[in-house]
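Hi,

Here is the structure I said I would pass on.

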Amino acid sequence: MAGRDCGGDCGPGRANEDNARFLLLGALLALYLLGGAAVFSALERPHERQARQRWEERLAGFGRRHNLSRDALRGFLRHFEEAAAAGVRVDGARPRWDFPGAFYFVGTVVSTIGFGMATPATVGGKVFLIGYGLLGCSSTLLFFNLFLERLITGIAHVTRWCGARRPGRRAGRRARSPGRAAAAGKPSVRVVLLALGAASLALCCGAAALYAAAEGWGYLDALYFCFVAFSTIGFGDLVSGQQARYDGQGLYRVANFVLLLSGVCCLYSLFNVVSILVRQAVNWALGRAAGAGCRRGRGRGGPPRRNAVGPGRVRSGARGAAEADGSSGARRLSGEMVSMKDLLAANKASLAALQKQLSEAASGRPRRASTPPADDEFSGGVGAFAVMNGRLAETSAGS
């Protein structure tokens, strides 16, 4: 954020800010895990105790009726568990390692779903899985990123087309500033979030209806399976396509594969967009904490600490915009720290400069060199963060 506006002088401050963001997010995740563990323990622990008690009663009753010792009965059950792990079922389930079953298995491997209903038992299979999964998972993640890139491109085209269809838009377009004209065709993070959320919800609901009818599950169980599978959590308690026979078996298996692939792509993209909102919330919390620290520092009358966010002067007008986007090459010579108001003004001015550049590219005029925005909602990051940053900044101006 501030480090991009003031050159190398703010490098340590930028590093301190990144460390603070990392520590805050880590603390929030730890609290999130502790809260989730408390909720699930309260919900599921009583059911687990009841199930264990019923099992012990049934085991003891079966042993008495058939005159079997507990140790002999437990030994037999261990053999059954080994057979179940190898894919043997008492209900006549389909083979797990014929070609269709193996294809389903490798699909769960490269998509990182990993249901666990089939696992390699041979040494050769385990060794091959390591190399196969390394290349396959990496390629699939790249595919998901490219899917997200093309999705954002499509949303940008739809947004620009809808804006062009509005009555009176062409007449009023010339009167608009370049920043507003470009912003009208640029999908915001909220638009992308709404589009992905609607697509993911529709896909999960439709797929749940299909799975409920084909697998004999309740609709809530089928919806639960869709989220667990599409999010690549993959518990394996419910797995589709494992029965020996289905009505329209070939068509159902193709539909199952397409639904799993589409669902994983949509949920992966949705998680990346939500993570950007989480990042914004963390930045907001850090900004509030820094503002409170500055107010306390002013109340004590002490000087601001080095590399801390402190009070400064708010730039306005053309000079503020030039200092924010770096086009004038001006730099702070007084060594003063950047206040939160300076920071917000710099971000706003830099975004306006980027929108002006996008507007010129969309109208066919040559681009002028410009510095990327200081820290807008899609800036920075790697992987999907970088994809969203690049595509939202570039593709909305293309045809």
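A word on "buried" before anything else: I use it for under 20% relative accessible area, with exposed being over 50% and partly exposed in between (1.4 Å probe, protein chains only). This is a predicted model, so local features need pLDDT of at least 70 and side-chain atom pairs count only at pLDDT 80 or more, while totals for chains, interfaces and linings use all residues. Residues are numbered from 1 along each chain as its sequence is written, and side-chain values use heavy atoms, with hydrogens and water left out.

**Salt bridges**

The structure has six of these, counting a side-chain nitrogen of Lys or Arg within 4 Å of a carboxyl oxygen of Asp or Glu. Arginine 21 takes part in a network with Glu17 and Asp18. At 12% relative accessibility, arginine 21 counts as buried. Its bridge to glutamate 17 is 3.2 Å, N to O, and glutamate 17 is buried too. Both lie in helix 1 (residues 11-66), four residues apart, about one turn of the helix. Helices here are DSSP runs (H or I, at least four residues), numbered from the N terminus. The bridge from arginine 21 to aspartate 18 is 2.9 Å, N to O; aspartate 18 is partly exposed at 31%.

Another bridge joins glutamate 149 and arginine 150, with 3.8 Å between the closest N and O atoms. Glutamate 149 counts as buried at 18%, whereas arginine 150 is exposed at 54%.

Helix 3 has 12 residues and reaches 17 Å from first C-alpha to last, close to the 16 Å expected; the expected span is 1.5 Å times one less than the number of residues. After helix 3 comes threonine 112, with a positive phi near 65 degrees.

Helix 7 (residues 189-215) has 27 residues and should span 39 Å; its end C-alpha atoms are 37 Å apart, which agrees. Its buried residues include Leu203, Cys204, Ala207 and Tyr211. Just after helix 7, glycine 216 has a positive phi of about 80 degrees.

**The core**

By nonpolar core I mean a set of buried Ala, Val, Leu, Ile, Met, Phe, Trp, Tyr and Cys residues joined through side-chain atoms within 4.5 Å. The largest one has 39 residues, and Phe115, Tyr211, Phe225, Cys226 and Phe230 touch the most other members. Helices 3, 4, 7, 8 and 9 each give two or more residues to this core, and helix 9 gives the largest share, 10 residues. Leaving out residues up to four places away in sequence, phenylalanine 230 has contacts (heavy atoms within 4.5 Å) with residues including Leu203, Cys204, Leu259 and Val264.

**Aromatic pairs**

Rings of Phe, Tyr and Trp (its six-membered ring) pair if their centres lie within 6.5 Å; planes under 30 degrees apart are stacked, over 60 edge-to-face and the rest tilted. The count comes to 12 pairs. Phenylalanine 144 and tyrosine 268 make a tilted one, 5.3 Å centre to centre with 40 degrees between the planes. Phenylalanine 144 lies in helix 4 and tyrosine 268 in helix 9, so this pair ties together parts 124 residues apart in sequence. Tyrosine 211 and tyrosine 252 pair edge-to-face, at 6.5 Å and 85 degrees, linking helix 7 to helix 9.

Cheers
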